[in-house]
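Student: Could you walk me through this structure? I'd like to begin with the surface and then move on to the rest.

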Amino acid sequence: IAEKDAKKGMPKAFAADLVGSFLMAVVLLHAIKYAGAAGSVPLGLAVSFLNWLGFVGTVQFAMTAYEQRSNRFFGVVSGYQLVTMLLGGVVLTLWG
């Protein structure tokens, strides 16, 4: 993708990222409440990790394999998502 085309698509990409992050937070909040983890940071972290592992890590691992990308690529992309979900899980555990 040319740089000017990438810049032109940024508003749409940011909007999609914002909507996706909001939906992920709503689903994670329901998982935390269903697990009875509200107020328990260790349990909230465990629920967040398992949700990442089951819904994000597995999909990105397969995508990395199909696209023949390096394990480092998987680590960077998935690591970012893991940290985001863990931090979000702590906030939602204490807030929810």
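Tutor: A definition comes first: patches are made of residues with over 30% relative accessible area and no salt bridge, with like charges joined within 9 Å and nonpolar side chains (Val, Leu, Ile, Met, Phe, Trp, Tyr) joined within 5 Å. Accessible areas come from the Shrake-Rupley method with a 1.4 Å probe, and for residues only the protein chains shown count as cover. This is a predicted model, in which local features need pLDDT of at least 70 and side-chain atom pairs count only at pLDDT 80 or more, while totals for chains, interfaces and linings use all residues. Residues are numbered from 1 along each chain as its sequence is written, and side-chain values use heavy atoms, with hydrogens and water left out.

Student: OK, which residues make the nonpolar surface patch?

Tutor: Val19, Phe22, Leu23 and Val26 make it, and the patch covers about 380 Å². Phenylalanine 22 belongs to helix 2, residues 10-34, where helices (H or I, at least four residues) and strands (E, at least two) are DSSP runs numbered from the N terminus.

Student: Is phenylalanine 22 buried or exposed?

Tutor: Phenylalanine 22 counts as exposed because its relative accessibility is 57%; buried means under 20% relative accessible area, exposed over 50%, and partly exposed in between (1.4 Å probe, protein chains only).

Student: Switching topic, how many salt bridges are there?

Tutor: The search of the whole structure finds two, a salt bridge being a side-chain nitrogen of Lys or Arg within 4 Å of a carboxyl oxygen of Asp or Glu. One of them joins lysine 7 and glutamate 3 at 3.2 Å, N to O, and arginine 69 meets glutamate 67 in a salt bridge at 3.0 Å, N to O.

Student: Where do lysine 7 and glutamate 3 sit?

Tutor: They lie in helix 1 (residues 3-8), and because they are four residues apart there, about one helical turn separates them. Lysine 7 is exposed at 55% relative accessible area, and glutamate 3 is exposed as well, at 59%.

Student: What about the whole chain, how many helices and strands?

Tutor: The protein chain has four helices and zero strands, and along the sequence the pattern reads α-α-α-α. Its C-alpha trace spans about 45 × 30 × 15 Å along the principal axes, and buried residues make up 20% of the 96 residues.
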